[in-house]
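Please look over the sequence and the model below before reading on.

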Amino acid sequence: MFISTMEILIDAQNKGYAVPAFNIHNLETAMAVAETAEELKSPVILAATPGTFTFNGRKNIHAIVETIAGTTSVPLTLHLDHHTSFEDIKTSVDLGCRSVMIDASHYSFEENIKIVKEVVSYTHKVGGTVEAELGVLGGIEDDLEVNEDRAKYTDPDAAKEFAERTGIDSLAIAIGTAHGLYKSEPKLDYERLKQIKELVSIPLVLHGASGIPNENIKRTIELGICKVNIATELKISFSNALRQHLINHPSENDPRKYFLSAKEAVKKIVKEKILLCNSNNRA
Ligand SMILES: [Zn+2]
């Protein structure tokens, strides 16, 4: 059974930590996250973008995460990351998913509200959680690239109105982070985060956390971030370890061996991020 992320996000909000959301891409990365979460007794969100569902098959990802969730003692659930299609969301919700992100942040404010409200209405009927985004992050997410200078920071007053009118459960905000790798040192707008936190009571979400120095992430959590998304750093650690293993063992042809070092490398990052979010021993 997939759980809604509401309970774990509210616990994080009340106790001042963040729940990490890790983007998974296959069985190996899903297991790496689950095993580490179990070891550290951390609630954890396994996130998958539309691209990941397309690559693996939506039902296959559902089956993998649902099976893992059923055998793990910590709260662990599947989250639809950056979904834009209402049809895809419906399919996953009908298959049992209870944690959804609808990203209509590239539309106008009113259009964003209209699209998000539809998803909220559908998902809330079955007790699911909806995250939406206001403002636009720079960088690359799935197949979508946003030039850094087209990125838009979240306006605090608009965030309050957006949260109230849509009835969402959590809000992803743009305060200077970007998806993918940073070309220059990111500058986070803590003052803006403070203002949003004062006006918006629902849990706030930080996207684009890969490559942000630890002390900066910690500061955003102190200021009210309750969910931190990590994707790029996992992809890099998996690929680098796999590449190195194959270079060191050029005749290796057993996936059970060459995926092992890649999985271990992912586990190392997952552990670091759980400790950074301070979500260990919360489950
Ligand atoms: Zn994101």
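This is a predicted model: local features need pLDDT of at least 70, side-chain atom pairs count only at pLDDT 80 or more; totals for chains, interfaces and linings use all residues.

Residues are numbered from 1 along each chain as its sequence is written, and side-chain values use heavy atoms, with hydrogens and water left out.

The zinc ion has His82 (NE2), His179 (NE2) and His207 (ND1) as protein donors, 2.0 to 2.1 Å away; donors are N, O and S atoms within 2.8 Å of the metal (3.2 Å for Na, K and Ca), and sites may look incomplete since water is not among the atoms. His179 lies in strand S9 and His207 in the loop between strand S10 and helix H9, so the pair ties together parts that are 28 residues apart in sequence. Helices (H or I, at least four residues) and strands (E, at least two) are DSSP runs, numbered from the N terminus.

A "binding site" annotation from an unreviewed UniProt entry covers residues including Gly208 and Ile230; such annotations may be inferred rather than shown by experiment. The annotated residues are spread over 53 residues of sequence, yet cluster in space, with a largest C-alpha distance of 11.4 Å. Buried means under 20% relative accessible area (exposed is over 50%, partly exposed in between, with a 1.4 Å probe and protein chains only).

| Residue | Burial |
|---|---|
| Gly208 | buried, relative accessible area 11% |
| Ile230 | buried, relative accessible area 1% |

Contact means heavy atoms within 4.5 Å. Leaving aside neighbours within four places in sequence, Gly208 is in contact with residues including His179 and Asn229.
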